[in-house]
Amino acid sequence: MLKKLIALSLIAGVVSAHAEDTLRSLGVLPSNKPAFLQIEKLRPSEDPSLLISSFQPFGRDEVRHIANIGSFVSNVSLAAEQTLATTITWPNGMHTVPESISGGAPLIAVAGGFLVPGKGTGAITLLDRDTKSTRKLTRDKSGWFYHRIAWFDVDNDGRLDILTARGNKPLFGSAKGELLWLKQPSSNPLTATWTEHVLKSGPDVHFVIDDLNGDGTPEIVATEFFAKKLSLHWFEGGVLKSRVLDSSLGAAFDVSIEDLNNDGRRDLLVTNHENQAAKAAVFAYEVPQEVKTGTFIRHTLLTNIQTRNSGAGQASPGTAFAFHPQVSNANGKPQIMVSGDGSQRVHWLAPTSTSSSDWNYQERIVVDVGGTVGQLAIADVNGDGYVEVFVPAYDANKIYAFTFAPAL
């Protein structure tokens, strides 16, 4: 009961001791089994939509959205979801399709599938918001599932391809992962076949593509959940080369890139996904100038994350997001929000010092939802210069909404 009272007090009021990063509640939206949230502009001329994936071991899987989510910041109770698809198996990450491919249609690329009986064979699927039609870009490969995609011209032919990772964990035998390239066809990308190329075994969940050292050549950083590794990949002479960055972080889950310590160089923000509190953690890795040979120094930003969900396969944390509460003021170290997943909480990490050599953070609990926390969505959705935070409470059938904008 005490935990529930604490959670309610946090939701109802201000969750900060600092005026510059005050977070306040906007209210709660009803939502059936919200899992992954994504804020996307489905057309450049449109206002942002809140995309919502929903899945159940026994029940219907859905992709839904709230159009022009920013217009509801002043009264979230007026926001209404619209169902876009019910035929995509276990939808995970959702991404706007570039206009060079979509031709201006509001298309969403959805990564799907997971380790659940009957839901294990996923796909990369194109979804048209207006017509609600779907089309798979990948061939069904029994038991393989997808979490994220990126648009990247792999072969330098001037056309954006899809890079993704997929995983497989059979009932008997070893788990596997693959970094996969879907080559955009030379014409008619919405109807022609996207050719699949396996680039590398290992990566299975999340990854990020970026030019880490500014040399003009992008690198790929990938988590290998089943192999418990963080790995780096780059193209050299048309060949994909790789190195393991860390094999001691546990079941590697999420990765993103941000200058976390405000030293002018970007870092890796990484989470694992572990059941034991002493192992569950959020990490930062300093990116060396020589990314192919240098040492990525690891710092533990948060650990001792208790998994309070019961049952097989439960673990913590989920994804992590670095951001500045005021969009126009990106000076200083960013704040970090962590989807707790099995911890049942959202963990806010606030830097305790301006020193670039200080990697200490103060942990604040934004909300305790009493169940699984899905993937957060964080962005300035109404253009007032302050970031909003949307929290999917999967088991509670709710989405909590917060803003950093000061009260009027």
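Which strand gives the most to the lining of the second largest pocket? Strand 2 does, with five residues, and the close-up views below show this lining among other parts of a predicted model.

**About the views.** The model is predicted, with local features needing pLDDT of at least 70, side-chain atom pairs counting only at pLDDT 80 or more, and totals for chains, interfaces and linings using all residues. Residues are numbered from 1 along each chain as its sequence is written, and side-chain values use heavy atoms, with hydrogens and water left out.

**View A. The second largest pocket and its lining.** About 620 Å³ of space lies in this pocket, where a pocket is an open set of points on a 1 Å grid over the protein atoms alone, at which a 1.4 Å probe fits, with protein on both sides within 12 Å along at least five of seven lines. Its lining has 27 residues, those with an atom within 4 Å of a point, and Gln38, Glu40, Arg148, Phe321 and Gln375 lie nearest the centre. Strands, which are DSSP runs of E with at least two residues, numbered from the N terminus, that each supply at least two lining residues include strand 6 (91-96), strand 18 (252-258) and strand 22 (320-323). The lining divides into 16 nonpolar, seven polar and four charged residues.

**View B. The largest pocket and its lining.** The space in the largest pocket is about 1200 Å³, a volume being the space filled by probe spheres set on the grid points, which are joined across faces, edges and corners. Of the 39 residues that line this pocket, Trp90, Phe114, Leu115, His273 and Gly313 are the closest to its centre. The elements giving two or more residues to this lining are strand 2 (34-40) and strand 10 (144-152), and strand 2 gives the most, with three residues.

**View C. Valine 205 in a loop.** Valine 205 lies between strand 13 (195-201) and strand 14, and it counts as buried at 4% relative accessibility, because buried means under 20% relative accessible area with a 1.4 Å probe and protein chains only. Leaving aside neighbours within four places in sequence, valine 205 is in contact (heavy atoms within 4.5 Å) with residues including His147, Arg148 and Phe253. Arginine 166 is 39 residues away from valine 205 along the chain, and their C-alpha atoms are separated by 6.3 Å.

**View D. Valine 366 in a strand.** Valine 366 belongs to strand 25 (residues 361-368) and is buried, with a relative accessible area of 1%. The C-alpha atoms of valine 366 and asparagine 304 are separated by 17 Å, the two residues being 62 residues apart along the chain.

Terms used. Helix = DSSP H or I, 4+ residues; strand = E, 2+ residues; numbered from the N terminus. Buried < 20%, exposed > 50% of the residue type's maximum accessible area, 1.4 Å probe, protein only. Nonpolar A, V, L, I, M, F, W, Y, C, P; charged D, E, K, R; others polar.
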